[in-house]
Amino acid sequence: MKNKNKSNMDTTPTIVIAEDEPGMLMLLEQCLKNHGYTIYTASDGREALQLIEQQSPDLILTDIMMPFTSGLDLIGIVRSSTQFTHIPIIVLSAIEEESTVMQAFHLGADDFVTKPFAPNELSIRVRRLLANYRHSSEPAAFA
């Protein structure tokens, strides 16, 4: 398992994208690469979990309905691991039911974006979450 040191602020943020629809996966990958992120892609939840363990990403972007391990299960597994509990998670799904959205948030998702989406809006959400997590992980200054 690779252990990355992310303390250097000029390190390119890495994102694991878990999406089973090939066209959507390519769109997400290209959109986020164009905004300067290093992207790792997975076409199912099980593959995404392997990438998360290998890459220790700065952010996870996941669909809900995927083969082998659903996005909701993925969130639960990531949040139950002390090694990865700090990683922000954005759910990107066509499912709009309030119960599903609430379940994602209860499991530990940080944001929920409904498909179809505006790529620039997604990029802003990613940037804000990354900034918030980096800021909150800095040690507090004492006077």
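Tutor: Start with pairing: two strands pair if DSSP finds at least two bridges between them. Helices (H or I, at least four residues) and strands (E, at least two) are DSSP runs, numbered from the N terminus. This is a predicted model, where local features need pLDDT of at least 70, side-chain atom pairs count only at pLDDT 80 or more, and totals for chains, interfaces and linings use all residues. Residues are numbered from 1 along each chain as its sequence is written, and side-chain values use heavy atoms, without hydrogens and water.

Student: In which sense do strands E1 and E2 pair?

Tutor: Parallel. E1 (residues 14–18) and E2 (residues 38–42) share 5 bridges. Take Thr14: its bridge partner in E2 is Thr38.

Student: At roughly what angle do the axes of H2 and H3 cross?

Tutor: Axes are lines fitted to C-alpha atoms, for helices over the stretch in contact, and angles run from 0 to 180 degrees between N-to-C directions. The axes of H2 (residues 45–55) and H3 (residues 71–80) cross at roughly 25° and come within 10 Å. H2 and H3 are therefore roughly parallel. Angles under 35 degrees count as roughly parallel, over 145 as roughly antiparallel, 65 to 115 as roughly perpendicular and the rest as oblique.

Student: Which residues make the contact of H2 and H3?

Tutor: Contact means heavy atoms within 4.5 Å. H2 gives Gly45, Ala48, Leu49 and Ile52; H3 gives Leu74, Ile77 and Val78. They divide into 6 nonpolar, 1 polar and no charged. Ala, Val, Leu, Ile, Met, Phe, Trp, Tyr, Cys and Pro count as nonpolar, Asp, Glu, Lys and Arg as charged, and the others, Gly among them, as polar.

Student: How do H3 and H4 cross?

Tutor: Their axes cross at roughly 15° and come within 9 Å, with H4 spanning residues 98–107. That makes H3 roughly parallel to H4. The contact uses Leu72, Ile75, Gly76 and Arg79 of H3, with Gln103, Ala104 and Leu107 of H4. By class, that is 4 nonpolar, 2 polar and 1 charged.

Student: Which residues does a cis peptide bond join?

Tutor: Lys115 and Pro116, with omega about -5°. Pro116 lies in the loop between strand E5 (111–114) and helix H5 (119–137).
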